[in-house]
Amino acid sequence: MKQDILNPWTLKLFTTVVETGSFSQAALELDCAQSAVSYGITNLESQLGVDLFERGRRKAVLTEVGKVIFVDARNIEIKLLDLRARALDYKRGVETKLTFAVDSMYPAAKLAALLRQFSDKFPDVALDLRIGTLGRVLQLITDRDCDFGICGPADQWPDAIDVVTLNTMELIPVAAPDHALSRQSANVTTSELRKHIQLILSEESGVKMGQDFCVYATHHWNVSDISTKHHLLCAGAGWGMMPRYMVDVDLAAGNLVPLNLGSLKSVAYVFHLIRPINGARGPVSGWLTTQLVASQ
């Protein structure tokens with residue numbers, strides 16, 4: 001009987017060749033001999049009855065049918081990872097510890113209320129809470145340093161990350177009342193905006209997992225802590241975008257004023273629940289993620 005070679009390892013050989021662009025690089029990535037990669041691809045093509053790669057090319061170039069099969073192979077890989085994760089859930093039982101990464105702009109009061117319920121329901125489960133800025137949360141999940149997290153927007157989500165959209169927060173441009181931009185009655189032009197220092201949140205990891213969010217000025221200061229950014233804004237050190245919920249009291253008291261930037265009156269900042277697609281999902285993390293989704 002002909003051996004069935006449509007197994008996870010064969011699929012991994014195929015997708016790795018495509019992603020690295022060559023058989024030799026795939027062999028290095030998978031820590032195996034190049035001959036093993038070539039043999040596996042040849043057998044896969046024989047099993048499927050089609051050519052997956054164009055012949056006579058120095059680089060691994062997919063045929064038209066190869067492009068279609070690659071998409072299917074990636075989907076199968078992801079489903080296999082999810083299947084293994086489900087099996088691991090049954091083996092692990094109730095978790096003894098969870099690591100949870102949260103975007104620094106997520107409402108602290110909302111997070112505190114959720115974690116109070118968590119502590120009441122699971123008093124014996126340890127929680128490692130990490131607060132990060134912009135792409136830092138995504139990096140923690142991608143590197144498997146955290147089980148799941150609440151993340152802001154991203155240019156592109158990695159295939160290995162499971163994403164659920166949560167709520168949207170409003171960001172508004174503000175400055176101290178004595179700031180030059182605050183004293184302008186007419187709409188501030190883009191050229192005028194660029195003359196003044198903008199305070200922006202920066203990724204403390206030093207690795208740009210995402211993009212600079214709402215950066216408009218030529219001159220800006222990078223601040224890794226949103227509380228410090230808040231104090232700098234109130235002191236008149238610059239202008240910047242802030243979550244409305246964090247500055248409502250300051251706006252009412254006159255410590256900060258909304259800037260007249262024409263169409264840029266506010267910006268939507270979307271939060272997402274993210275976790276590794278092949279990460280374990282025990283009953284504790286299941287409860288917490290369910291509460292997060294339900295509370296939106």
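Me: Why is Asp 51 called partly exposed?

Reply: In this predicted model, Asp 51 has a relative accessible area of 45%. Partly exposed covers values between the 20% limit for buried and the 50% limit for exposed, so Asp 51 falls in that class.

Me: What makes the contact of Arg 55 with Asp 51 a salt bridge?

Reply: The closest N and O atoms of Arg 55 and Asp 51 are 3.9 Å apart. The rule asks for a side-chain nitrogen of Lys or Arg within 4 Å of a carboxyl oxygen of Asp or Glu, and therefore the pair Arg 55 and Asp 51 counts as a salt bridge.

Me: Why is Arg 55 called exposed?

Reply: Arg 55 has a relative accessible area of 55%. Exposed means over 50%, so Arg 55 is exposed.

Me: How do you know that Asp 159 forms a salt bridge with Arg 74?

Reply: Their closest N and O atoms are 2.9 Å apart, and the limit is 4 Å. The pair links distant parts of the chain, 85 residues apart: Asp 159 sits in the loop between β3 (148–151) and β4 (161–175), and Arg 74 in helix α4 (residues 64–92).

Me: Is Arg 74 buried or exposed, and why?

Reply: The relative accessible area of Arg 74 is 15%. Buried means under 20%, so Arg 74 is buried.

Me: What makes Arg 116 and Asp 120 a salt bridge, and where do they lie?

Reply: The N to O distance between their side chains is 3.3 Å, which is within 4 Å and therefore meets the rule. Both residues lie in helix α5 (residues 108–121), 4 residues apart, about one turn of the helix.

Me: Why do Arg 116 and Asp 120 count as exposed?

Reply: Arg 116 has 56% relative accessibility and Asp 120 has a relative accessible area of 52%. Both values are over 50%, so both residues are exposed.

Me: Which residues do salt bridges that share partners join into one network?

Reply: Glu 19, Arg 74, Glu 77 and Asp 159 are joined in this way. The count of salt bridges in the structure comes to 11.

Me: How many disulfides does the structure hold?

Reply: It holds 0 disulfides. A disulfide would need a pair of cysteine sulfur atoms within 2.5 Å.

Terms used: Residues numbered from 1 in each chain as written. Predicted model: local features only at pLDDT ≥ 70, side-chain atom pairs only at ≥ 80, totals over all residues. Heavy atoms only, no water. Buried < 20%, exposed > 50% of the residue type's maximum accessible area, 1.4 Å probe, protein only. Helix = DSSP H or I, 4+ residues; strand = E, 2+ residues; numbered from the N terminus.
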